[in-house]
Amino acid sequence: MDFSDRPTLPSVPPRRVVTELPGPKARAWMARGSFDMQSRYRAVVMDDTASRGCSLVDVDGNVFLDLFANFALGALGYNHPALVEAAHGEAFIRAVANPTSTPFVTTPGWFEFVEALEQRYAPRGMARVFCVDAGGEGVESALKAAFIRHGERRREAAGLPKNPLELSEEQQKSILDNAGTDAVVVSFAGAFHGRGLGPMSATHSKVIHKADLPAFPWPTAPFPASRFPLARHAAENDRAEAEALAALERILDAHQGRVAALIVEPVQSEGGDRHASPVFFRRAQELAGKAGAAFILDEVQTGLGISGTLWAHEQLELPRPPDLVCFGKKMQMGGFFATSAYDVAQFGRMYQTRNGDRARAAVALATLRTIESEDLLANVRATGRHFLARLEELCERYPALASEPRGRGFLLAFDLPTTAARDDFLGRALRRGVFASYTGTRSVRLRPHLITTVAEVDEAVSVFDAVLREMAG
């Protein structure tokens, strides 16, 4: 398939920056938005009518090649016909006009979405889905499902009722008085799982995420971030993985009977695009099973095709499905898939007011169908290989500045020597019309839209080359 042969969108001007950044119109809009607590983060004020495909147009007429995709939120670029059509559809309009408490009241369109997930798009081995509004909330809900299953099993083993409503009055009062549980979740150094108190307790990527906020005292295992190129660092990587797995096994043994879940990202995205081998993940799953813990894969950022498969963990060759798989971002909502063992069946245990936004479901289904109909997974694999090869060439050309190119599909990154150098690189690239982002302490994170072409990759790399040559002096 020729991946440049995609639905024709109205043309936009070529990449160009015609004002200082931010431009005068953008600065005026930002000043008007200062009541928003998030305003200090804002980098671009987008013209969401003029933006098309992978071209992000701002209100001052600057045109950027977008390799940011809003922290991997974007899948099909801007104003893709399939999404615009879905947003003009009757189901979307009625869902916006008539919000429902989806667990109790819904419409046929919701069942169409759930049926499509079950039949075509859910990860292998998943029996149920639970939907919420965003990825971090999906992780929070998956952790709750793991704790519920763990608590029920522990009560049964102790000869107590599985149903908490059948406990004694004193036992129920202790629950309401926050007696809680001594169960724990094991996560990995460098992980990012979200901002809620549960996901944040399993997050270990940046101090600023957690400072001054209470967190559960859950154990943290080392993550054996692979060094790249893999062939050059094979012995070092093997040793790091063996040491990390030994440490994980010690942690699980030390908390024997108390571990409700082991949670891990297929690629640690916010933590610096850190990878580990499939062997590591398979052994981690084995250890989790041995400990009686749920094996949770957080695919909020890695899911829906950006790795070259619909779910990144498909590339890990796990011997059995994970117990829970979290999703978000490109799905336009959050949630988790679960095996039948982690189905939360008791009334009142997990439901929320919405538990599934029907408007977002319409856009999610249009996104999934477009990924399939346009064969975008094949595009991500082929164009991703090309992008990685071009990044490897850059790193060979500028070894004092750029290093460790790595990635799966469009989950791509490379490093600069320091945080300051990385931030300087991103600023210079933006002024030349290429919008990339940061991760970890010194890594450039690239998250192209799934429709990105080889020509657009080559255009980006030419800008990166010019920036690195400029920085090298």
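The model is predicted. Its largest pocket has a volume of about 1,800 Å³, and the second largest pocket holds about 1,300 Å³ of space. Across the whole structure, 34 salt bridges are found.

**The largest pocket**

- A total of 45 residues line the largest pocket, and those nearest its centre are Tyr41, Phe68, Asn70, Phe71 and Tyr438.
- Two or more lining residues come from each of α2 (69-72), α6 (135-157), α9 (207-210), α14 (419-431), β12 (434-435) and β13 (437-439).
- Helix α14 provides the largest share of this lining, with five residues.
- The lining of the largest pocket comprises 22 nonpolar, twelve polar and eleven charged residues.

**The second largest pocket**

- The second largest pocket, with about 1,300 Å³ of space, is lined by 39 residues, of which Phe147, Ile175, Gly180, Thr181 and Arg349 are the closest to its centre.
- The elements that contribute two or more residues to this lining are α6 and α7 (169-176).
- Helix α6 gives the most to the lining of the second largest pocket, namely ten residues.
- By class, the lining of the second largest pocket has 19 nonpolar, 13 polar and seven charged residues.

**Salt bridges between separate parts of the chain**

- Asp343 and Arg128 form a salt bridge through their side chains, with an N to O distance of 3.4 Å.
- This pair links distant parts of the chain, 215 residues apart: Asp343 is in the loop between β9 (334-338) and α12 (358-373), and Arg128 is in strand β3 (residues 128-132).
- Asp343 has a relative accessible area of 31% and is therefore partly exposed.
- A salt bridge also joins the side chains of Asp182 and Arg154, at 2.8 Å from N to O.
- Because Asp182 lies in the loop between α7 and β4 (184-188) and Arg154 in helix α6, the pair ties together parts 28 residues apart in sequence.
- Asp182 is partly exposed at 37% relative accessible area, and Arg154 is partly exposed at 33%.

**A salt bridge within a helix, and a network**

- Arg283 and Glu286 form a salt bridge in which the closest N and O atoms are 3.0 Å apart.
- Both residues lie in helix α11 (residues 278-290), three residues apart, or about one turn of the helix.
- Arg283 counts as partly exposed at 27% relative accessibility, as does Glu286 at 48%.
- A network of salt bridges links Asp133, Arg354, Asp357 and Arg360.

Methods: Residues are numbered from 1 along each chain as its sequence is written. This is a predicted model: local features need pLDDT of at least 70, side-chain atom pairs count only at pLDDT 80 or more; totals for chains, interfaces and linings use all residues. Side-chain values use heavy atoms; hydrogens and water are left out. On a 1 Å grid over the protein atoms alone, a cavity is a set of points where a 1.4 Å probe fits but cannot get out, and a pocket is an open set with protein on both sides within 12 Å along at least five of seven lines; lining residues have an atom within 4 Å of a point. Grid points are joined across faces, edges and corners, and a volume is the space filled by probe spheres set on the points. Helices (H or I, at least four residues) and strands (E, at least two) are DSSP runs, numbered from the N terminus. Ala, Val, Leu, Ile, Met, Phe, Trp, Tyr, Cys and Pro count as nonpolar, Asp, Glu, Lys and Arg as charged, and the others, Gly among them, as polar. A salt bridge is a side-chain nitrogen of Lys or Arg within 4 Å of a carboxyl oxygen of Asp or Glu. Buried means under 20% relative accessible area, exposed over 50%, partly exposed in between (1.4 Å probe, protein chains only).
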